[in-house]
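Subject: Structure handover

Hello,

Here is the structure for your files. Please open it alongside this note; my findings follow below.

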Amino acid sequence: MTKILIVDDEEMIRSVLAEYADFEHFEHDEAADGMQAVEMAKANNYDVIIMDVMMPKLDGFSAVKEIRKYKDTPVIMLSARVEEYDKLFGFEMGVDDYVTKPFSPKEVMARINAILKRGKIGRTKIVSDGLVIDKAGRNVYVDGAKAEMTPKEYELLFYLADNEGIAVSREKLLEEVWGYDFFGDDRTVDTHIKMLRSSLGVYRDKIVTLRGLGYKLEL
């Protein structure tokens, strides 16, 4: 499950973002200042950090600089300062996105999902428990044993992995995995999902059926 760290000295802002994070089914922790954020980021693995700029003890930019010594966690900066210089400074430090206050919590969640999707698509090896999905080597390992799959099973699993945690309809899978010119129907997807689950063995339940819609991969 996606885990985020919400860092802001205003309790109301943390509360609102936490509420929307719950709606997105994100796990979340909160920090009220930069020093606390650094310690929490060092001790935990977060998928995304939402970081306010102006905070007591340690400002957001300084906190990001310190966190970058230990982790490459994507960061979305929040700031009431709209000057281009501030944004450029943040991006030069390696910040992934910059949102100015006042902001829409829905927009922040959308930006988090965009960052997560980019990260998943860029991953060449995904490890979850004893399941290893090696996209670069085009191999899948189940508890150390190489799984023998058909080319379509590989493509289907890799596409679901790129969209991990996202509901994907059967129509979308037909379009993306089989192509626009494929004349099959939804049963083609269901059949290959059944084969893929068999290949994944004890990790078959990581592919979740969404009744009336399609599937999603939960790692």
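Two strands count as paired if DSSP finds at least two bridges between them. Helices (H or I, at least four residues) and strands (E, at least two) are DSSP runs, numbered from the N terminus. This is a predicted model: local features need pLDDT of at least 70, side-chain atom pairs count only at pLDDT 80 or more, and totals for chains, interfaces and linings use all residues. Residues are numbered from 1 along each chain as its sequence is written, and side-chain values use heavy atoms, with hydrogens and water left out.

The chain overall

The chain holds eight helices and 12 strands. Its C-alpha trace spans about 55 × 35 × 30 Å along the principal axes. Of the 219 residues, 47% are buried (under 20% relative accessible area, 1.4 Å probe, protein chains only).

The sheets

β6 joins β7 (residues 131-134) through four antiparallel bridges. There, Lys125 stands opposite Asp134 in β7.

Another open sheet has three strands, ordered β10-β12-β11, again with antiparallel pairing. β10 (168-169) and β11 (207-210) each have a single partner strand, so one side of each has no neighbour in the sheet. β10 and β12 (residues 214-217) pair over two antiparallel bridges. Val168 stands opposite Tyr215 in β12. Helix α6 (residues 151-162) packs on this sheet and touches β10 and β12 (contact: heavy atoms within 4.5 Å). The direction of α6 makes about 70° with that of β12 (axes are lines fitted to C-alpha atoms, for helices over the stretch in contact; angles run from 0 to 180 degrees between N-to-C directions).

The helices

Which residues of α3 (residues 60-67) are buried? They are Gly60, Phe61, Ala63, Val64 and Ile67. These residues cover an arc of only 160° around the axis, which puts them on the same side of α3 (the arc is that of the directions from the helix axis to the C-beta atoms). At the start of α3, a side-chain oxygen of Asp59 comes within 3.0 Å of the backbone nitrogen of Phe61.

The axes of α7 (residues 170-178) and α8 (residues 186-200) come within 9 Å and cross at roughly 80°. That makes α7 roughly perpendicular to α8 (65 to 115 degrees). Residues in this contact include Leu173, Leu174 and Trp178 of α7, and Val189 and His192 of α8.

Best wishes

Note on methods
Buried < 20%, exposed > 50% of the residue type's maximum accessible area, 1.4 Å probe, protein only. Polar contact = N/O pair within 3.5 Å; in protein donor to acceptor, adjacent residues only side chain to side chain. Parallel < 35°, antiparallel > 145°, perpendicular 65-115°, else oblique.
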